[in-house]
Amino acid sequence: MSSSEQPAAQPRTPSTPSSLSPSRASDFMQCPLLYRFRVIDRLPEKPSEAATRGTLVHAVLERLFDAPAVERTAPRAKSLVPGQWDRLLTSRPELAELFEGDADGERLARWLGEAEQLVERWFTLEDPTRLEPVERELFVETELESGLRLRGVIDRVDVAPTGEVRIVDYKTGKAPRPEYSEAALFQMKFYALVVWRLKQVVPRRLQLVYLGSGEVLTYDPVEADLLRVERKLHALWEAIVLATRTGDWRPRQTKLCGWCDHRAHCPEFGGTPPVYPLEIVSARPPEAGTDEQGRMEPVQPAP
C-alpha cells in the first residue's frame, strides 16, 4: 500500500502533561512552543533519515547482545542491519515514505551502508565480548516527593562485580565541542537521578558513545550533581505547569529552527499555532502552591 493509499491518521487527543522525560525537558528548554506542539497538540512530524538511522543502529546494538559473547563480532552486527530495518518497517510502515521514488534502491542501499558503518565503528570504542549488560533499552520511571514523575529509556546498564553501575547511551551523531558537553550530559544526569531515586545508588559512571565521530564522553556523578539536576527539573516543571494553565507558550528562535517540522504553525515564521485545546485559567498561582489533591504544585516559571 502506498503512502497515498494509507488511511488518514486519526487526530490524537490533547492531554495535560503528567510527566517529564529527558527529550521533552530538552524540548521545553529549546523552545516552549515546540514542547506544546509535541506534548499537548501532538502535531505529526515527518520521519527523518537521520533519526530513523539512529533508531535502526540502536536496535542492532541491542540485539547483538542476544548472541554469546564470542559471536559478538562486527560482521555479525552488520549482518543484523537489514533484518532490523525490516522489523522497523513492520512496526512503523510510514517509514517507507523516506525512500519513495527510490526505484533502483540506490538511496536505501547507501543509507543502510551508513548504518553499517556506524555499527562497525562501535567496535573501535567498546568490546562487546567483554560486556554483559544487566539491562538494555530499560524503561525507568520514578515519582519525586513533590509529585513530579520522571521517566525515560536507558540504552544500556552495566553493573560491575563490585556493584558499581554504569549508564551507557549511544549517539549516532558527532560528539559536541567541550563547551557544550554539559548540555550533552543533561540526559545522562537525568537518568542517573531516576536510578538514584529508584535504587538508592548513585551510578558510578555515565557514558555517551558517539558513533558519528568515534568518541566517548564519560562523567562520574556525585549526589550534589544529582540534587542540582533535581532542582533544575522542578523549576522546569513549574514553568511547564504555568504555561499549561495560561496557554502562554513562548517560541524561542534558535539555529535548530531550520530542522523543525512546525514552522508553518510558528509565529516566528509567520505561522499561527492551532487553537489551544486545553482550558485556560488565570495566571494567578493557587493559594499555598497546592493542587486539587493538596500536593505541592509548581506555580512560578523557571528563571
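Student: How much space lies in the largest cavity?

Tutor: A cavity is a set of points, on a 1 Å grid over the protein atoms alone, where a 1.4 Å probe fits but cannot get out. Points are joined across faces, edges and corners, and the volume is the space filled by probe spheres set on them. Here the largest cavity holds about 140 Å³ of space, and the count is 1 cavity of 30 Å³ or more. This is a predicted model, in which local features need pLDDT of at least 70, side-chain atom pairs count only at pLDDT 80 or more, and totals for chains, interfaces and linings use all residues. Residues are numbered from 1 along each chain as its sequence is written, and side-chain values use heavy atoms, without hydrogens and water.

Student: Which residues that line the largest cavity are the closest to its centre?

Tutor: Lining residues have an atom within 4 Å of a point. Of the 15 in this lining, C31, L34, R252, C257 and C260 are the closest to the centre.

Student: How many disulfides does the structure hold?

Tutor: A disulfide is a covalent bond between the sulfur atoms of two cysteines; the criterion is a pair of such atoms within 2.5 Å. The structure holds 0 disulfides. For C260, the nearest cysteine sulfur, that of C257, is 6.6 Å away.

Student: Is C266 buried or exposed?

Tutor: Buried means under 20% relative accessible area, exposed over 50%, and partly exposed in between, with a 1.4 Å probe and protein chains only. C266 is buried at 10%, whereas C260 is partly exposed at 24%.

Notes:
On a 1 Å grid over the protein atoms alone, a cavity is a set of points where a 1.4 Å probe fits but cannot get out, and a pocket is an open set with protein on both sides within 12 Å along at least five of seven lines; lining residues have an atom within 4 Å of a point.
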